[in-house]
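Biologist: I am new to this structure and would like to learn how to read its features one by one. Could we take a look at it together?

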Amino acid sequence: MDMIRTRFFLLLPLVAVIATGCGAKQGGSTHPAHGVVVGQPAPPIALKDTDGKTVTLAQFRGQPVFINAFATWCPPCKQELPGLVKSYPEYKGKVVFLGIDEQEDAELVLPFLKRFGIVYQVALDPGSFADTYEVSSLPASFFIDKDGIVRKVYRGFMTPDAFKDNIAKIYKG
């Protein structure tokens, strides 16, 4: 019984991380400049993708956008990403999927994307996205409709069923 109790208490911190998400790496302000509010326009984004090309939210106007903030070191992100990758083909061409890696270099991120089979566009956030969108833990997901209005913010690990429920807020397929 003591061995079972010991294993339980050793796993408890991992369960807490998966349930609540990973703390975002330090950097930037603790008080966001703009914030993201459901029912309001999504704050602008201007980030470089893994190829060094600028990605803006404005370039996707007229299309629903799903944004998923993650990091290579985050266990709940690693648990969530396979479900997102599996869902992507169903929505490709209908909903823009944009991954945003938090505060890591392309050299670290590119092998991670390959390992997880992530083929949708991924931008690298030096901290400005996390500040503006109030990303204090990972993963964090944002569902933005074709008019640029935030329809849902989901913080923490998202199950495939929760993803389907939330994607329906921006895309009626």
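Biologist: Which residues does D101 touch, leaving aside those up to four places away in sequence?

Modeller: A contact here means heavy atoms within 4.5 Å. On that reading, and not counting residues up to four places away in sequence, D101 touches F70, A71, T72, V109, V122, A123, L124 and D125. This is a predicted model, in which local features need pLDDT of at least 70 and side-chain atom pairs count only at pLDDT 80 or more, while totals for chains, interfaces and linings use all residues. Residues are numbered from 1 along each chain as its sequence is written, and side-chain values use heavy atoms, with hydrogens and water left out.

Biologist: Where does D101 lie, and is D101 buried or exposed?

Modeller: Helices (H or I, at least four residues) and strands (E, at least two) are DSSP runs, numbered from the N terminus, and D101 lies in strand β5. A residue is called buried under 20% relative accessible area, exposed over 50%, and partly exposed in between, using a 1.4 Å probe and protein chains only. D101 counts as buried because its relative accessibility is 0%.

Biologist: How many helices and strands does the chain have, and what pattern do they follow along the sequence?

Modeller: There are five helices and nine strands in the chain, and reading along the sequence gives the pattern α-β-β-β-β-α-β-α-β-α-β-β-β-α. Of the 173 residues in the chain, 46% are buried.

Biologist: Which residues of helix α3 are buried, and why do they count as being on the same side of α3?

Modeller: In α3, which spans residues 106-116, the buried residues are A106, V109, F112, L113 and F116. The arc is taken from the directions that run from the helix axis to the C-beta atoms. These residues are on the same side of α3 because they cover an arc of only 125 degrees around the axis. They pack against β4 (65-70), α2, β5 (96-102) and β6 (121-125), whereas the face of α3 turned away from the buried side carries the exposed residues E107, P111, K114 and R115. Just after α3, G117 takes a positive phi of about 70 degrees.

Biologist: Which residues touch the most other members of the largest nonpolar core?

Modeller: A nonpolar core is a set of buried Ala, Val, Leu, Ile, Met, Phe, Trp, Tyr and Cys residues joined through side-chain atoms within 4.5 Å. The largest one has 52 residues, and those touching the most other members are F66, I67, F129, Y133, F142 and F163. Helix α2 (residues 75-91) gives the most to this core, with six residues. Not counting residues up to four places away in sequence, the contacts of F66 include L84, F97, F142, F163 and I170.

Biologist: How many salt bridges are there?

Modeller: Side chains of opposite charge can pair when their charged atoms come close. A salt bridge is a side-chain nitrogen of Lys or Arg within 4 Å of a carboxyl oxygen of Asp or Glu, and by this rule the count comes to three. One of them joins the side chains of E90 and K164 at 3.6 Å, N to O. This pair links distant parts of the chain, with E90 in helix α2 and K164 in helix α5 (residues 160-167), 74 residues apart.

Biologist: What can be said about the salt bridge between R151 and D145?

Modeller: The closest N and O atoms of R151 and D145 are 2.8 Å apart. R151 counts as partly exposed at 37% relative accessibility, whereas D145 counts as buried at 10%.
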